[in-house]
Amino acid sequence: MNLRAYWRFIIVAYQFLPLIVAYARDRRRFILFGRSRDVSAEQRRRRAASLLDSLLTLGPTFIKLGQLLSTRPDILPPEYIDEFAKLQDSVPPASWDEARVVLEEELGPVGDRFTEFDTDAISGASLGQVYYAEIDGQQVAVKVRRPGVKELVEADLKVIRWSLPLLIRFIGEAQAFSLETLADEFERTIRQEMDYNREARMLNEIKTNFQQDDDIRIPAVIGTHSTGRVLTMEYVPGTKISNVEQLDTQRLDRSALAKTLQRAYLKMIIDDGVFHADPHPGNLAVQDDGTLVFYDFGMSGYVDPFIQNKIVDFYTAVAAQDIDAILDALIEMGTLSPEADRQVMGEVMELAIADARGEDVEQYRVQQIVQQVEDTIYEFPLRLPSNLALVLRVATVVEGVCVTLDPEFDFISVATQYLREQGYIEEGVRDFVEDRVQEGRDAVESSVRIPPKLEDALDRVDREDFHIRADIEDSEQNLEKLGRRLVLGLALAAGGISTAMLYSFRPAQPVAIAIAGSLTLIVGFLLFRSFRQRRGIRAQPQFTRQNLREMEGGEESASGTLGFGDAAVQQSGEDSDEQS
């Protein structure tokens with residue numbers, strides 16, 4: 001029996017109870033009965049802020065859950081996505097005495113393994129905290145898993161599993177499926193982040209991929225001093241990438257830095273298939289010579305070759321402003337449901353691109369395009385692949401960092417240049433030509449096969465031996481509803497006539513009249529209800545330029561943090577030259 005899990009369930013229920021009651025009243029005004037009520041965007045934003053406070057209060061597991069939810073527009077409305085994007089993975093570090101127990105259980109006496117060890121943590125976060133140390137004169141950063149965090153996380157994971165059936169009652173079918181898959185994904189992700197052996201492997205793999213690139217620096221792992229709960233890396237100081245004043249003081253080219261950052265992520269996602277998935281400014285630093293430094297590989301992932309190809313198609317389509325190709329790429333990646341209204345989504349994409357353009361028609365940003373798509377995703381039956389959700393989030397965060405460095409940064413120009421240098425655009429042209437040639441061959445073959453078949457069909461028509469079979473697709477069960485209403489209508493008419501006749505010719509039998517009248521009223525209510533019921537997702541949501549501008553106007557930016565490992569802390573300008 002896990003008493004801690006039961007106690008945590010009570011705490012979580014207490015934190016979420018007001019919101020649960022509010023959501024229940026949205027479905028039925030008086031919880032057990034009553035009509036549903038509309039919820040405005042402002043109400044959703046207030047609820048999202050309240051939920052954010054609850055997540056922060058509940059601690060590490062729920063902070064991580066909120067961060068993951070911020071990448072899932074298929075589950076939450078845009079107001080919640082915007083609010084959860086503010087989550088800072090920053091909490092006071094545990095005491096040194098507690099951290100020392102973990103460190104010595106893993107490595108042995110601190111004095112024997114390190115020539116110097118600063119017991120004041122550089123930074124503290126939900127899952128781990130970082131210390132500065134030296135090994136035989138080499139400066140290192142030692143990341144120690146927070147004492148007791150694994151037991152807390154395991155208890156919280158049980159609470160989340162127990163809570164799922166209740167939460168699913170308040171959301172649609174598609175979102176319910178996504179929420180269940182999210183629970184599996186979250187359980188896997190947070191356990192991976194607590195496994196520092198995995199982080200070391202991911203760090204080494206990405207470091208190997210950039211070993212020939214002098215513009216990128218990734219700290220090396222000190223394997224002799226690393227375990228599943230302790231990760232020791234070389235200490236690499238640098239200026240926080242969002243500290244533009246300090247970068248200007250160092251006379252660094254911010255436009256070149258933005259280009260280096262964007263190209264690095266294009267390489268990771270498109271070429272290598274393994275990527276650093278947490279590119280907020282706290283995990284990026286710049287050395288005096290302009291070298292870009294990456295920290296914190298606890299959140300990282302893989303991209304399979306199919307998705308890599310579709311991402312290339314998406315970037316190429318955006319560069320060409322080909323709306324149909326953009327939608328095709330999103331559908332093939334699984335980002336957009338094939339059932340979504342292409343005309344409506346095409347209008348959304350056109351408006352998004354139009355609103356994102358500057359005076360120069362070539363100046364528009366993928367971040368705004370992706371954000372507008374994410375804002376509409378919640379209206380459709382969509383299920384995002386987990387790693388693709390991270391890729392989409394990485395794309396928007398990276399573009400935001402690049403714009404901080406250079407307000408005139410042209411994402412499309414850099415992406416197009418990179419794709420051309422790597423041969424993707426030319427390869428796409430060759431594939432297009434080959435496809436058209438193959439289509440031409442198929443058309444010629446069809447032109448040879450069709451005349452005999454057509455002649456045979458005409459002969460059968462002439463012999464009156466030609467039959468047509470039609471299958472009616474009725475995914476919305478409209479025929480069933482029509483039949484039900486027809487039966488209820490006939491029953492209502494019969495009941496009304498019967499009641500009237502009993503009342504006229506048998507006034508001395510009030511019981512029979514009452515029964516007939518009651519049954520007629522029940523049938524009438526059922527018929528009325530069949531016309532009032534609304535099921536499923538809106539088929540034709542309307543979008544206008546004003547809607548899009550209102551959504552953009554409601555967005556709020558999250559403040560940057562500086563972190564090392566999974567630890568992120570607020571830093572002032574005076575700390576900007578230190579390693580996070």
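Guide: Let us begin with Ile 311, which, leaving aside its neighbours within four places in sequence, is in contact with Ile 269, Ile 270, Val 303, Met 333 and Val 391. Please keep in mind that this is a predicted model.

Visitor: What makes those residues count as being in contact with Ile 311?

Guide: The word contact requires heavy atoms within 4.5 Å, and Ile 269, Ile 270, Val 303, Met 333 and Val 391 are the residues listed for Ile 311 once neighbours within four places in sequence are left aside. Ile 311 also belongs to the largest nonpolar core, which has 67 residues, and is among those with the most contacts inside it, together with Leu 261, Ile 270, Phe 275, Phe 294 and Tyr 315. A second, separate core of 31 residues includes Leu 19, Ala 48, Leu 69 and Phe 186.

Visitor: Why is strand S6 called largely enclosed?

Guide: A residue is buried when its relative accessible area is under 20%, and five of the five residues of strand S6 (residues 230–234) are buried, so the strand is described as largely enclosed by the rest of the structure.

Visitor: How many aromatic pairs are found in the whole structure, and why is the pair of Tyr 6 and Trp 162 called stacked?

Guide: The search finds 12 aromatic pairs. The ring centres of Tyr 6 and Trp 162 are 5.2 Å apart, with 20 degrees between the planes; because centres within 6.5 Å make a pair and planes under 30 degrees apart count as stacked, the name applies to Tyr 6 and Trp 162. This pair links distant parts of the chain, with Tyr 6 in helix H1 (residues 3–27) and Trp 162 in helix H7 (residues 149–168), 156 residues apart.

Visitor: What makes the pair of Trp 96 and Tyr 131 edge-to-face?

Guide: Planes over 60 degrees apart count as edge-to-face, and the planes of Trp 96 and Tyr 131 are at 70 degrees, with ring centres 5.5 Å apart, so this pair is edge-to-face. Trp 96 lies in helix H5 (residues 96–107) and Tyr 131 in strand S3 (residues 128–135), and both residues are buried.

Key. Residues are numbered from 1 along each chain as its sequence is written. This is a predicted model: local features need pLDDT of at least 70, side-chain atom pairs count only at pLDDT 80 or more; totals for chains, interfaces and linings use all residues. Side-chain values use heavy atoms; hydrogens and water are left out. Rings of Phe, Tyr and Trp (its six-membered ring) pair if their centres lie within 6.5 Å; planes under 30 degrees apart count as stacked, over 60 as edge-to-face and the rest as tilted. Helices (H or I, at least four residues) and strands (E, at least two) are DSSP runs, numbered from the N terminus. Buried means under 20% relative accessible area, exposed over 50%, partly exposed in between (1.4 Å probe, protein chains only). A nonpolar core is a set of buried Ala, Val, Leu, Ile, Met, Phe, Trp, Tyr and Cys residues joined through side-chain atoms within 4.5 Å.
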